[in-house]
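This report describes one predicted protein model for a reader who works with coordinates. Please look at the sequence and structure before reading on.

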Amino acid sequence: MNKTAGQISAEPRLYPGTEPFDRRTLDVGDGHQIYVEQCGRRDGIPVIVVHGGPGGGCSPMMRRFFNPDKYRVILFDQRGCGRSRPFASVENNTTWHLVADMENIRKTLGIDTWSVFGGSWGATLSLVYAQTHPERVDKLFLRGVFLARKAELDWFYGGGAGQYWPELWDRFVNLVPEDERHDLMGAYHRRLFGEDGAEQRKFAMSWAIWENALASMGNNGTPYEVPQGYALAFSRLESHYFVNGAFLEEGQILRDMHKIHDIPAIIVQGRYDMICPPASAWKLAQGWDKAHLTMIPAAGHALSEPGIMQALIAATNDWAADPRWVHV
């Protein structure tokens, strides 16, 4: 079948892959060491890339949204995932630990202010970091907005998204005994942190498959296995954060928007995002005069969606052309 214009890959529009000029492991205390890398131009426009999940980890593709002749790109694996250690650990692992880690990275690298680029959970953490340290943020690039509200979690783990993906939802639900299905997040959490290793792995894979299968418009609900180690960290960390309401007060991000009203932002949202429905991105943009929201038609949640890729690359190129960066 021929691809439509909306389905044609935008990957050729990405910048060529570059190798980091700096890789390090940063001891942030609490028994955690986090992986940090830098690539692009050493004296370029500083931007930190905040990956999703929680628990997803950074990837080489994330480097490619920035002109390497213009940007100094910083990527890191959040506590417990990717190349950070201890792997899959939830001890001393909250939103506020991650905000502190980002500030630790900034100070360690000698950066005064930087841009923050994050999608999904990465958008959540980007917003919380900016609200905590608004004087350190030049610009926000947000994609697939998640505000960590109960309604959003209920949508994805309470049956809302399951109305569109009934065959996958049935598979996700049926692992749990019927008398526990009123609280699927809690039921999965108990098993992901239980003593039975085989059960941990089974529920971790089911959790990861449910989310990954819904990420892209190009996937018609076909479940596919993900690496077991990735599934374990991803599922344990997401479950840990979500049963604790992301360690935020209900509605906190929207409540505290006044703290960042002077920070310019680009918000890119897939119109058919089944994981983080567009209502959150729209709500976030209301009253934020310096934010520009772009709804991408025929796009879902994933960073790899062609329309989302194109919009984010255009946004980083526009920022690099800002007169303040004339020296770069």
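The text below covers confidence, nonpolar cores, aromatic contacts, cysteines and backbone features.

**Basis and confidence**

The model is predicted: local features need pLDDT of at least 70, side-chain atom pairs count only at pLDDT 80 or more, and totals for chains, interfaces and linings use all residues. Residues are numbered from 1 along each chain as its sequence is written, and side-chain values use heavy atoms, with hydrogens and water left out.

The chain averages a pLDDT of 94, and 97% of the residues score at least 70; pLDDT is the predictor's confidence in each residue, from 0 to 100. Over residues 1-7 pLDDT stays under 50, and the model has 4 contacts beyond four places in sequence for them. Contact means heavy atoms within 4.5 Å. Where pLDDT is low, the predicted coordinates should not be read in detail.

**Nonpolar cores**

A nonpolar core is a set of buried Ala, Val, Leu, Ile, Met, Phe, Trp, Tyr and Cys residues joined through side-chain atoms within 4.5 Å. Buried means under 20% relative accessible area, exposed over 50%, and partly exposed in between (1.4 Å probe, protein chains only). The largest core has 77 residues, of which I105, L140, W210, L214, L284 and W288 touch the most other members. Helix α6 gives the most to this core, with 8 residues. Helices (H or I, at least four residues) and strands (E, at least two) are DSSP runs, numbered from the N terminus. Leaving aside neighbours within four places in sequence, W288 is in contact with residues including L127, L140, M257 and H261. Another core, of 31 residues, lies apart from the largest one and has L303, L312, A320 and V328 among its members.

**Aromatic contacts**

The structure holds 23 aromatic pairs. Rings of Phe, Tyr and Trp (its six-membered ring) pair if their centres lie within 6.5 Å; planes under 30 degrees apart count as stacked, over 60 as edge-to-face and the rest as tilted. Two of the pairs are tabulated here.

| Pair | Centre distance | Plane angle | Class |
|---|---|---|---|
| F117 and F141 | 6.0 Å | 45° | tilted |
| W169 and W210 | 5.3 Å | 55° | tilted |

F117 lies in strand β5 (residues 114-119) and F141 in strand β6 (residues 137-143), so their pair ties together parts that are 24 residues apart in sequence. Both F117 and F141 are buried. W169 in helix α4 (residues 166-173) and W210 in helix α6 (residues 197-213) are 41 residues apart, and W169 and W210 are buried. One aromatic cluster includes W169, W210, F146, F156 and Y188.

The charged end of R83 sits over the ring of Y35, 3.9 Å from its centre; this requires NZ of Lys or CZ of Arg within 6 Å of the ring centre and within 35 degrees of the ring normal.

**Cysteines**

How many disulfides does a search of the whole structure find? The search finds 0, a disulfide being a pair of cysteine sulfur atoms within 2.5 Å. For C39, the nearest cysteine sulfur is that of C58, 9.7 Å away. C39 counts as buried at 1% relative accessibility. The sulfur of C276 is 17 Å from the closest cysteine sulfur, in C81, which is too far for a bond. C276 counts as buried at 4% relative accessibility.

**Backbone features**

A cis peptide bond with omega about 0° joins G53 and P54, and P54 is in the loop between β3 (45-50) and β4 (71-76). A cis peptide bond also joins R85 and P86, with P86 in the loop between β4 and α1 (95-108).

S120, a residue other than glycine, has a positive phi near 65°. At 8% relative accessibility, S120 counts as buried.
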